Amino acid sequence: MLPTFETERLFLRPRIMADLDASMAMDRDPEVTKYVPGPWHDPEEHRRFVTSRIETDFGPGLGYWSIFTKQQPELFLGWVLLIPDDAVGPDIEIGWRLNRHAWSKGYATEAAWPLILHAFNTVGVDRVIAEIHPDNAASIHVAQKIGLKAEQDGIPYKRFVMTREDMTP
């Protein structure tokens, strides 16, 4: 069972099947998935993909968390993840996806930070990565704000990394 997290403005709980429709609606916004390949325009494949991601056991302490504000706990903002890279590993990936109405409010950064702490302090990983399309300035900004550093420019993604040593002053 994954833990829940609270921040100043948000609460994060493990993503569940009740979040399926809201997750799919978010993915159908072409601006939200602009930099992320996926089955967003094939309803059946999209549903299978999101269902699989909700139901998969990614390992102890790893998975997806749905994001909600404390002020509007019924409003799905999006999700954050801490899973094996590309769902297979060996690296552990952190990622986020938010509805457009939740952009530019600092929610992604606020939701990602407890996952960074969880990854190093509870799960015990040695490094966390994020692979971000080089044109996705907003996600690059989030990665940098939570302490990830650019490691390599890849095609089509740029890799950002934080190690356990980066966590200690």
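Author: Let us begin with a definition: a salt bridge is a side-chain nitrogen of Lys or Arg within 4 Å of a carboxyl oxygen of Asp or Glu. Please note that the model before you is predicted.

Reader: How far apart are the closest N and O atoms of arginine 164 and aspartate 126?

Author: They are 3.6 Å apart, and the two residues form a salt bridge. Arginine 164 belongs to helix 5 (residues 164-167), while aspartate 126 sits in the loop between helix 3 and strand 6 (127-132), so this pair ties together parts that are 38 residues apart in sequence.

Reader: Are these two residues buried or exposed?

Author: The general idea is a scale: under 20% relative accessible area is buried, over 50% is exposed, and values in between are partly exposed. Arginine 164 has 28% relative accessibility and therefore counts as partly exposed. Aspartate 126, at 55%, counts as exposed.

Reader: How many salt bridges does a search of the whole structure find?

Author: The search finds 13. The general idea is that side chains of opposite charge can pair when their charged atoms come close. One case is glutamate 110 with arginine 9, whose closest N and O atoms are 2.7 Å apart. Glutamate 110 counts as buried, with 16% relative accessibility, whereas arginine 9 is partly exposed at 31%.

Reader: Where do arginine 48 and glutamate 45 lie, and by what are they separated?

Author: Both are in helix 2 (residues 43-55), and because they are three residues apart, about one helical turn separates them.

Reader: Let us turn to the strands. In what sense do strand 1 and strand 2 pair?

Author: They pair in the antiparallel sense, over two bridges. Strand 1 and strand 2 form a hairpin, with three residues between them. To read the pairing residue by residue, look for bridge partners: glutamate 6 has phenylalanine 11 in strand 2 as its partner.

Reader: Which residue in strand 3 is the bridge partner of phenylalanine 11?

Author: That residue is phenylalanine 68. Strand 2 and strand 3 (residues 63-69) are antiparallel and pair over five bridges.

Reader: How many aromatic pairs does a search of the whole structure find?

Author: It finds six. For such a pair, one reads the distance between ring centres and the angle between ring planes; planes under 30 degrees apart count as stacked, and those over 60 as edge-to-face. The rings of phenylalanine 11 and phenylalanine 68 have centres 5.3 Å apart and planes at 20°, so they are stacked. The pair links distant parts of the chain, with phenylalanine 11 in strand 2 and phenylalanine 68 in strand 3, 57 residues apart. Phenylalanine 11 is partly exposed at 24% relative accessibility, but phenylalanine 68 is buried at 5%.

Reader: What is the arrangement of the rings of phenylalanine 68 and phenylalanine 76?

Author: Their centres are 6.1 Å apart and their planes at 70°, so this pair is edge-to-face. Phenylalanine 76 counts as buried, with 8% relative accessibility. Phe11, Phe68 and Phe76 form one aromatic cluster.

Reader: Finally, how many helices and strands are there in the protein chain?

Author: There are five helices and eight strands. Along the sequence they follow the pattern β-β-α-α-β-β-β-α-β-α-β-β-α. The radius of gyration is 15 Å, close to the 15 Å that the globule rule gives for 169 residues, so the protein chain is as compact as a globular protein of that length. Buried residues account for 49% of the 169 residues.

Terms used: Residues are numbered from 1 along each chain as its sequence is written. This is a predicted model: local features need pLDDT of at least 70, side-chain atom pairs count only at pLDDT 80 or more; totals for chains, interfaces and linings use all residues. Side-chain values use heavy atoms; hydrogens and water are left out. Buried means under 20% relative accessible area, exposed over 50%, partly exposed in between (1.4 Å probe, protein chains only). Helices (H or I, at least four residues) and strands (E, at least two) are DSSP runs, numbered from the N terminus. Two strands pair if DSSP finds at least two bridges between them. The radius of gyration is taken over C-alpha atoms; the globule rule is 2.2 Å times the number of residues to the power 0.38. Rings of Phe, Tyr and Trp (its six-membered ring) pair if their centres lie within 6.5 Å; planes under 30 degrees apart count as stacked, over 60 as edge-to-face and the rest as tilted.
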